[in-house]
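Hi,

Here is the structure you asked about.

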Amino acid sequence: MAAGIGPSKSLLALLFGAQLGGFCTLVGVPTNVFGNELLVKAGYESFGLFDITPFGLALSVVGIVYFAFIGIRLIPDTGFIPEFAQTERHPLDKRKAAISCGTLFGVLLIIAIGPKMVPRHVAAVLGALIVVATGCMSGKEAIRAIDWNCALMMGALTVVSTGLNNSGVGKAMADLLMRALGSNPSPYLVASVLFCGTVILTQFISNTASILLFMPVAISMAKTIGINVHAVGMVIILAGAACYATPFAAPQNLMTTGWTKYRFMDFVKAGIPMVLLTYAVVMLLGLV
C-alpha cells in the first residue's frame, strides 16, 4: 500500500514469484519432489537438485518481465486486506535468525551434494530437529507448521501412481496415445502432447493429481519410442508446476484467492499467457 499498489495485486505478485522460484531447484515446490519420487520408484535415477535450474532461471526471467509489464495490468485491485496483513510484527531475533538460516543452508548443501549416507528426507528432518532443539520454535509450533494434509496426500498418491504403473494402466494409455500419434512420432510432438495434457488437467484437478496420472504414461511412451525417460519426466514435472490459470490448479492458488478475493476469470486472464510462455520455454530449451 505504501508503494501505491493494492494488497491484492501485491499478493498475486507474491504467488507468481513463489511459483516461478519453485522451478529453480528440485525442492522448490512439492510437485517437483513428487514427480522425482515417481521416477525413482519406477526404477530410474533421481534428478539432481539443480537439474531443473536452467529451465527455472529462463522462465523466471520471462515470467518477471511478463508479470511486470503485462500480467499486473490484467488483474484488478479488489481493495481487500487479509487479516494477517493487519497483525502486529514480531521483532527480529538475530540469534534465531542466524541459526535458522545456517540450518537451511546446511540442509540445502547436503541435498545438493547428495551423499548416500544422508538421504534428502533425513537431512530435512535433522534440520527441523536442530531448529526445535535450539529454541527457534517450540515442538508444538513445529507440528502445527507441517501441512499434514499435503504430506498424507502425496504419500497416498505415490502408492496410487505405483499401482497404475504396476497394473499396466500407464502402458495402456501410452499405447493409445502412440496409435494416435503414429508409428514414429517426433520427440517434440510427444513432449507437446504430454505437456498439454498435464498442464490442462492441472488447472482443474490440481498439479499433484495430474503428475500422478501422466508420469506413468510418459515413462511408457519414452521407453516405447526410445527417448530419454528423464527428459519426458522433466516435461511432466514442469507442466505440473505451471499452475497459474485457475484457483484450483494448486493449494497456494486457493489460499491466495481467500486473501485477495480474486475471481476465477482473474486467474484465467493473468495465468493463461504464463502457461503458454512456460510451454514455449520448455520447447525452446529442447528437453527432449
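Below is what I found, from the whole chain down to one residue.

This is a predicted model, in which local features need pLDDT of at least 70, side-chain atom pairs count only at pLDDT 80 or more, and totals for chains, interfaces and linings use all residues. Residues are numbered from 1 along each chain as its sequence is written, and side-chain values use heavy atoms, with hydrogens and water left out.

The chain has 13 helices and zero strands (DSSP runs, numbered from the N terminus: helices are H or I, at least four residues; strands are E, at least two). Of its 288 residues, 40% are buried (under 20% relative accessible area, 1.4 Å probe, protein chains only). Contacts mean heavy atoms within 4.5 Å. Among those between residues at least 6 apart in sequence, 78% join residues at least 24 apart.

Next, a helix pair. The axes of helix 1 (residues 7-22) and helix 12 (residues 251-260) come within 9 Å and cross at roughly 170 degrees (lines fitted to C-alpha atoms over the stretch in contact; angles run from 0 to 180 degrees between N-to-C directions). Helix 1 is therefore roughly antiparallel to helix 12 (over 145 degrees). On the helix 1 side, Ser8, Leu11, Leu12, Leu15 and Gln19 take part; they meet Gln252, Asn253, Thr256, Trp259 and Thr260 of helix 12.

Finally, Thr198. Thr198 sits in helix 9 (residues 187-205). Thr198 counts as buried because its relative accessibility is 0%. A polar atom of its side chain lies 2.8 Å from the backbone oxygen of Leu194. Beyond neighbours within four places in sequence, Thr198 contacts Ser210, Phe214, Ile236, Ala239 and Gly240.

Best wishes

Technical notes:
Parallel < 35°, antiparallel > 145°, perpendicular 65-115°, else oblique. Buried < 20%, exposed > 50% of the residue type's maximum accessible area, 1.4 Å probe, protein only. Polar contact = N/O pair within 3.5 Å; in protein donor to acceptor, adjacent residues only side chain to side chain.
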